[in-house]
Amino acid sequence: MHNDTSPYILDQSLGHLASRFSRVILREIHTAFAAQSVPLATEQWSVLVYIMHHDGEPQGTLCEALSREKTAVARLVATLERQGYIMRQQCKSDGREKTLHLTPAGVTLMKQATEIVQKILNNATRNIPPSDLDTCRRVLKKAWGNLTGADGASL
């Protein structure tokens, strides 16, 4: 149980540690993409990963899934569509909504990008027992849920 009277210690802060890890991993991905001529920013990568795993989902689900503002997501989606990596289609159940799909070029790009990112993640998690990684994921999801009111399952 957390002791609310303990002093704030930077290198023990879950927020600081998560933020620091996030900055380092994103920098590694950015550098690797540039070195291998993958034409993606890390923000675009996040959108494409979501679409890859949730093909046909409405665009509106991206905002919540990525914890991003609606206008920022709309710009990312529009750019990826212009670049030919995704396409938007009319939602069958709600004509006002658009569903998102990878194009063949997007699928090809994601195969290359996913391989690069997987190598980085494998390097980042080497020598860490799978049970520790599972605990880390559960804790981060729970902490996120505590702050957002969500159950953390949608992460």
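Asn 127 lies in the loop between α5 (104-124) and α6 (130-148); helices (H or I, at least four residues) and strands (E, at least two) are DSSP runs, numbered from the N terminus. The model is predicted, so local features need pLDDT of at least 70 and side-chain atom pairs count only at pLDDT 80 or more, while totals for chains, interfaces and linings use all residues. Residues are numbered from 1 along each chain as its sequence is written, and side-chain values use heavy atoms, with hydrogens and water left out.

Asn 127 has a phi near 65°, a positive value in a residue other than glycine. Most residues other than glycine have a negative phi. Asn 127 is exposed, with a relative accessible area of 76%; exposed means over 50%, buried under 20%, and partly exposed in between (1.4 Å probe, protein chains only). Ser 37 also has a positive phi, near 55°. Ser 37 sits in the loop between α1 (14-35) and α2 (42-53), and its relative accessibility of 62% makes it exposed.

The chain as a whole has 6 helices and 2 strands. From the N terminus on, their order is α-α-α-α-β-β-α-α. The C-alpha trace spans about 50 × 40 × 25 Å along its principal axes. Of the 155 residues, 27% count as buried. Among contacts (heavy atoms within 4.5 Å) with a separation of 6 or more, residues 24 or more positions apart account for 52%.

Helix α4 (residues 70-82) can be followed in more detail. Its 13 residues should span 18 Å at 1.5 Å a residue, and its end C-alpha atoms are 18 Å apart, which agrees; the expected span is 1.5 Å times one less than the number of residues. Within α4, Ala 72, Val 73, Leu 76, Val 77 and Leu 80 are buried. They lie on the same side of α4, because they cover an arc of only 130° around the axis, the arc being that of the directions from the helix axis to the C-beta atoms. The cover over these buried residues includes α2, α3 (60-66), β1 (86-90) and β2 (98-102). Lys 70, Thr 71, Arg 75 and Arg 82 are exposed on the other side of α4. After α4 comes Gly 84, with a positive phi near 85°.
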